[in-house]
Amino acid sequence: MKSLLLLLFSLLDILAIGQTDAPKTTSGVNKYSQLNDSLPQVIYKNHPSTHKDVAWFVNDQFVGQSGITAMNPDQIATMNVEKKGVDIDNISYDGKVTITMKESYQPKFISLNGLKSKYTNLKDSSVLFMIENELVKGDYGKCMVDENYLLQIVVDKVHLKSEKKDFCLVKLPTRTPENVRKSKEIRIRGANELGIN
(Lines give C-alpha, C1' and ligand atoms only; values in the text may rest on other atoms or scores of the structure.)
Protein backbone atom coordinates (compact mmCIF):
# COMPACT_ATOMS: atom_id res chain seq x y z
CA MET A 1 0.00 0.00 0.00
CA LYS A 2 2.86 2.37 0.86
CA SER A 3 4.53 1.70 -2.48
CA LEU A 4 1.25 2.34 -4.33
CA LEU A 5 0.79 5.69 -2.53
CA LEU A 6 4.45 6.57 -3.16
CA LEU A 7 4.00 5.77 -6.88
CA LEU A 8 0.77 7.81 -7.05
CA PHE A 9 2.39 10.87 -5.37
CA SER A 10 5.42 10.54 -7.66
CA LEU A 11 3.20 10.57 -10.74
CA LEU A 12 1.23 13.57 -9.47
CA ASP A 13 4.49 15.36 -8.71
CA ILE A 14 5.84 14.64 -12.21
CA LEU A 15 2.60 15.83 -13.80
CA ALA A 16 2.63 19.04 -11.74
CA ILE A 17 6.27 19.81 -12.57
CA GLY A 18 5.82 18.81 -16.23
CA GLN A 19 3.13 21.45 -16.87
CA THR A 20 4.07 24.01 -19.53
CA ASP A 21 3.19 27.67 -19.72
CA ALA A 22 0.32 28.81 -21.90
CA PRO A 23 1.30 29.20 -25.56
CA LYS A 24 2.85 32.53 -26.42
CA THR A 25 2.41 34.56 -29.59
CA THR A 26 5.41 35.81 -31.57
CA SER A 27 5.35 39.00 -29.49
CA GLY A 28 5.73 36.93 -26.31
CA VAL A 29 2.22 37.74 -25.07
CA ASN A 30 0.12 34.93 -23.68
CA LYS A 31 -2.30 33.97 -26.48
CA TYR A 32 -5.10 32.99 -24.13
CA SER A 33 -5.01 36.26 -22.20
CA GLN A 34 -5.52 38.15 -25.49
CA LEU A 35 -8.75 36.24 -26.11
CA ASN A 36 -10.20 37.32 -22.77
CA ASP A 37 -8.53 40.71 -22.47
CA SER A 38 -10.96 43.64 -22.27
CA LEU A 39 -8.58 46.19 -23.86
CA PRO A 40 -7.54 46.19 -27.53
CA GLN A 41 -3.91 46.12 -28.50
CA VAL A 42 -2.83 49.35 -30.25
CA ILE A 43 -0.30 49.01 -33.08
CA TYR A 44 1.27 52.00 -34.83
CA LYS A 45 2.75 51.08 -38.19
CA ASN A 46 5.96 52.96 -38.80
CA HIS A 47 7.74 52.81 -42.09
CA PRO A 48 11.46 52.43 -41.54
CA SER A 49 13.64 55.22 -42.88
CA THR A 50 15.76 52.54 -44.59
CA HIS A 51 12.92 51.87 -47.05
CA LYS A 52 14.23 51.80 -50.61
CA ASP A 53 12.29 53.60 -53.34
CA VAL A 54 12.11 51.66 -56.59
CA ALA A 55 11.14 53.05 -60.00
CA TRP A 56 8.73 50.79 -61.90
CA PHE A 57 8.58 50.76 -65.70
CA VAL A 58 6.05 48.86 -67.80
CA ASN A 59 6.70 48.66 -71.54
CA ASP A 60 9.25 51.47 -71.05
CA GLN A 61 6.63 53.73 -69.38
CA PHE A 62 7.31 54.99 -65.83
CA VAL A 63 4.39 53.93 -63.60
CA GLY A 64 5.61 55.18 -60.21
CA GLN A 65 5.99 53.05 -57.12
CA SER A 66 2.52 51.74 -56.19
CA GLY A 67 0.87 51.18 -59.57
CA ILE A 68 2.29 47.71 -59.91
CA THR A 69 -0.45 46.34 -57.62
CA ALA A 70 -3.14 47.17 -60.20
CA MET A 71 -1.74 45.31 -63.18
CA ASN A 72 -2.62 41.85 -64.50
CA PRO A 73 0.24 39.51 -63.47
CA ASP A 74 -0.86 36.88 -66.01
CA GLN A 75 0.03 39.27 -68.85
CA ILE A 76 3.68 39.79 -67.82
CA ALA A 77 6.20 38.45 -70.36
CA THR A 78 9.48 39.46 -68.67
CA MET A 79 10.70 41.26 -65.57
CA ASN A 80 14.15 42.78 -65.01
CA VAL A 81 15.50 44.15 -61.71
CA GLU A 82 18.38 46.63 -61.57
CA LYS A 83 19.84 47.44 -58.17
CA LYS A 84 21.73 50.58 -59.18
CA GLY A 85 20.25 54.03 -58.60
CA VAL A 86 18.35 55.99 -61.21
CA ASP A 87 17.09 59.62 -61.35
CA ILE A 88 13.65 60.43 -62.82
CA ASP A 89 12.31 64.01 -62.84
CA ASN A 90 14.93 65.07 -60.26
CA ILE A 91 13.90 62.25 -57.89
CA SER A 92 16.44 59.59 -56.96
CA TYR A 93 15.39 55.95 -56.81
CA ASP A 94 17.49 53.16 -55.33
CA GLY A 95 16.63 50.69 -58.07
CA LYS A 96 14.62 50.03 -61.19
CA VAL A 97 12.19 47.28 -62.18
CA THR A 98 11.36 46.94 -65.86
CA ILE A 99 8.36 44.84 -66.89
CA THR A 100 7.48 43.87 -70.43
CA MET A 101 3.91 42.80 -71.06
CA LYS A 102 2.88 40.09 -73.52
CA GLU A 103 2.53 41.50 -77.05
CA SER A 104 -1.18 40.68 -77.16
CA TYR A 105 -1.88 42.85 -74.09
CA GLN A 106 -1.74 46.64 -74.11
CA PRO A 107 -2.13 48.18 -70.64
CA LYS A 108 -3.93 51.52 -70.38
CA PHE A 109 -2.25 53.43 -67.55
CA ILE A 110 -3.83 56.34 -65.72
CA SER A 111 -2.83 58.11 -62.50
CA LEU A 112 -5.12 57.87 -59.49
CA ASN A 113 -5.78 61.61 -59.77
CA GLY A 114 -6.66 61.10 -63.44
CA LEU A 115 -8.96 58.23 -62.50
CA LYS A 116 -10.67 60.47 -59.92
CA SER A 117 -11.23 63.21 -62.52
CA LYS A 118 -12.30 60.90 -65.34
CA TYR A 119 -14.71 58.57 -63.52
CA THR A 120 -15.98 60.35 -60.39
CA ASN A 121 -17.63 63.62 -59.39
CA LEU A 122 -15.29 64.10 -56.41
CA LYS A 123 -13.36 67.08 -57.87
CA ASP A 124 -11.99 68.84 -54.75
CA SER A 125 -12.98 66.20 -52.16
CA SER A 126 -10.39 64.61 -49.89
CA VAL A 127 -9.88 61.08 -51.18
CA LEU A 128 -8.14 57.94 -49.96
CA PHE A 129 -7.54 55.15 -52.49
CA MET A 130 -7.49 51.44 -51.75
CA ILE A 131 -6.32 48.85 -54.28
CA GLU A 132 -7.30 45.31 -53.26
CA ASN A 133 -7.95 46.44 -49.67
CA GLU A 134 -4.49 48.02 -49.38
CA LEU A 135 -4.36 51.74 -48.70
CA VAL A 136 -2.29 53.51 -51.36
CA LYS A 137 0.38 55.70 -49.79
CA GLY A 138 2.20 58.16 -51.96
CA ASP A 139 1.61 60.74 -54.65
CA TYR A 140 -1.72 60.02 -56.38
CA GLY A 141 -0.52 62.04 -59.37
CA LYS A 142 2.37 59.63 -59.92
CA CYS A 143 0.74 56.36 -58.89
CA MET A 144 -0.40 54.67 -62.09
CA VAL A 145 -2.95 51.85 -62.47
CA ASP A 146 -4.03 49.84 -65.51
CA GLU A 147 -7.62 50.84 -66.38
CA ASN A 148 -8.06 47.54 -68.24
CA TYR A 149 -7.43 45.56 -65.04
CA LEU A 150 -9.79 47.51 -62.76
CA LEU A 151 -13.09 45.74 -62.13
CA GLN A 152 -14.94 48.51 -60.32
CA ILE A 153 -14.51 51.96 -58.84
CA VAL A 154 -16.40 51.97 -55.53
CA VAL A 155 -16.86 55.44 -54.01
CA ASP A 156 -17.80 55.51 -50.34
CA LYS A 157 -18.51 59.02 -49.04
CA VAL A 158 -17.92 59.36 -45.31
CA HIS A 159 -19.26 62.24 -43.22
CA LEU A 160 -17.92 62.52 -39.67
CA LYS A 161 -20.49 64.71 -37.90
CA SER A 162 -18.58 64.87 -34.64
CA GLU A 163 -15.44 66.16 -36.38
CA LYS A 164 -17.27 68.11 -39.11
CA LYS A 165 -15.19 66.47 -41.84
CA ASP A 166 -15.99 64.74 -45.09
CA PHE A 167 -13.78 62.42 -47.10
CA CYS A 168 -14.20 59.75 -49.72
CA LEU A 169 -12.80 56.24 -49.77
CA VAL A 170 -12.32 54.98 -53.33
CA LYS A 171 -11.91 51.20 -53.50
CA LEU A 172 -10.41 49.70 -56.65
CA PRO A 173 -10.96 45.93 -56.86
CA THR A 174 -9.12 44.35 -59.79
CA ARG A 175 -10.21 41.68 -62.27
CA THR A 176 -9.00 38.68 -60.31
CA PRO A 177 -11.10 35.53 -60.79
CA GLU A 178 -12.31 35.75 -57.17
CA ASN A 179 -13.37 39.41 -57.49
CA VAL A 180 -15.20 38.70 -60.77
CA ARG A 181 -17.02 35.77 -59.14
CA LYS A 182 -18.01 37.91 -56.12
CA SER A 183 -19.27 40.72 -58.36
CA LYS A 184 -21.74 38.29 -60.00
CA GLU A 185 -23.23 37.13 -56.70
CA ILE A 186 -26.72 38.36 -55.86
CA ARG A 187 -27.43 39.09 -52.21
CA ILE A 188 -30.96 39.46 -50.91
CA ARG A 189 -31.00 41.09 -47.50
CA GLY A 190 -33.81 40.75 -45.04
CA ALA A 191 -34.76 38.66 -42.04
CA ASN A 192 -32.96 35.70 -43.58
CA GLU A 193 -30.03 36.88 -45.67
CA LEU A 194 -29.62 34.85 -48.83
CA GLY A 195 -26.72 34.72 -51.27
CA ILE A 196 -27.21 33.43 -54.82
CA ASN A 197 -24.43 32.66 -57.29
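Start with Asn179: setting aside neighbours within four places in sequence, Asn179 is in contact with Glu132, Leu151, Pro173 and Thr174. Contact here means heavy atoms within 4.5 Å.

A note on the source. This is a predicted model, where local features need pLDDT of at least 70 and side-chain atom pairs count only at pLDDT 80 or more, while totals for chains, interfaces and linings use all residues. Residues are numbered from 1 along each chain as its sequence is written, and side-chain values use heavy atoms, with hydrogens and water left out.

Back to Asn179, which sits in helix H4, residues 177-183. Its relative accessible area is 15%, and buried means under 20% (1.4 Å probe, protein chains only), so Asn179 is buried. As for Glu132, its side chain makes a polar contact with the side chain of Asn179, at 2.8 Å. A polar contact is a pair of N or O atoms within 3.5 Å; within protein, one must be able to donate a hydrogen and the other to accept it, and residues adjacent in sequence count only if both atoms are side-chain atoms.

Now the second largest pocket, with about 230 Å³ of space. Of its 13 lining residues, the closest to the centre are Glu132, Asn133, Gln152, Pro173 and Asn179. A pocket is an open set of points on a 1 Å grid where a 1.4 Å probe fits, with protein on both sides within 12 Å along at least five of seven lines; lining residues have an atom within 4 Å of a point. H4 gives the largest share of this lining, three residues.

Conventions:
Helices (H or I, at least four residues) and strands (E, at least two) are DSSP runs, numbered from the N terminus. Buried means under 20% relative accessible area, exposed over 50%, partly exposed in between (1.4 Å probe, protein chains only). Grid points are joined across faces, edges and corners, and a volume is the space filled by probe spheres set on the points.
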